[in-house]
Amino acid sequence: MSENLVISDSRSGQTISEEAVREELSRILESSIFVQSDRLGRFLRYTVETTLAGDAETLKEYLIGTEVYERRPPYHPSVDSIVRSEARRLRSKLKEYYESVGRNDSVFIYYRPGSYVPAFRRRDNQEGGALATDRALRELLTDGLFAKALEVPSVSREVNLQIVFEGTVRVLQRRAGSPGPTESRSGRSVAKRIQLRKVVGMSLAKS
């Protein structure tokens, strides 16, 4: 594993290994979002590799125009806006990537407005936990657990679904004379254990 470290964000002082950055670069370039965007892929790879080599200060519009987009003299960036327009497209594609197939990636590559130098940071635990929670809730809503719970004969008409902090999903029924909901055996049989970081409570009524 590479021992070289890249400062990801001067504000946080985080460091990320070159290997982790290159692995993230490969994931992005191999994704369905970038695989058909050869020029944007070259832009991303060139700027990331130049930054990892310690030459980030050389990443100016003229250099990218000549090295990535093969512009030849007389090339005037003030007249030919190819690099500026492609940088906007690249930021947009990265945003699309991290909102879809890359939403669980632990390393984040991005460009600050007005800069052609990529920045790197790790997603913190809280952000990763929120993503895991959203993913688990989507799975719960789409795999039919609600429908299955409502069809269980021993579950009362009002079904209380509780997602508890410990990471379990329970279908509860309120028994006669009970001061509160207790877990039903039938509910357990259709419940699915998932890892969550939030507590969510909701009630469903069977029509």
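**Helix packing, pocket and cavities**

Arg22 lies in helix H1 (helices are DSSP runs of H or I with at least four residues, strands are E runs of at least two, and both are numbered from the N terminus). The model is predicted, so local features need pLDDT of at least 70 and side-chain atom pairs count only at pLDDT 80 or more, while totals for chains, interfaces and linings use all residues. Residues are numbered from 1 along each chain as its sequence is written, and side-chain values use heavy atoms, without hydrogens and water.

Arg22 is partly exposed, with a relative accessible area of 32% (buried, under 20%; exposed, over 50%; partly exposed, in between; 1.4 Å probe, protein chains only). Beyond its neighbours within four places in sequence, Arg22 contacts Glu49 and Leu52 (contact: heavy atoms within 4.5 Å). Arg22 and Arg45 are 23 residues apart in sequence; their C-alpha atoms are 9.2 Å apart.

H1 and H2 pack at about 175°, with axes 11 Å apart (axes are lines fitted to C-alpha atoms, for helices over the stretch in contact; angles run from 0 to 180 degrees between N-to-C directions). The two helices are therefore roughly antiparallel (over 145 degrees; under 35 is roughly parallel, 65 to 115 roughly perpendicular, the rest oblique). H1 contributes Glu18, Val21, Arg22, Leu25, Ile28 and Leu29 to the contact, and H2 contributes Gly41, Leu44, Arg45, Val48, Glu49 and Leu52. By class, this contact has seven nonpolar, one polar and four charged residues (nonpolar: Ala, Val, Leu, Ile, Met, Phe, Trp, Tyr, Cys and Pro; charged: Asp, Glu, Lys and Arg; polar: the others, Gly among them).

Ser31 is found in the loop between H1 (18–30) and H2 (38–52). Ser31 is buried, at 8% relative accessible area. Not counting residues up to four places away in sequence, Ser31 touches Tyr97 and Val101.

The largest pocket holds about 160 Å³ of space. On a 1 Å grid over the protein atoms alone, a pocket is an open set of points with protein on both sides within 12 Å along at least five of seven lines; in a cavity, a 1.4 Å probe fits but cannot get out; lining residues have an atom within 4 Å of a point. Grid points are joined across faces, edges and corners, and a volume is the space filled by probe spheres set on the points. Helix H4 (82–98) and strand S3 (107–111) each supply at least two lining residues of the largest pocket. That lining has six nonpolar, no polar and five charged residues.

Two cavities reach 30 Å³ or more. H4 gives the most to the lining of the second largest cavity, with three residues.
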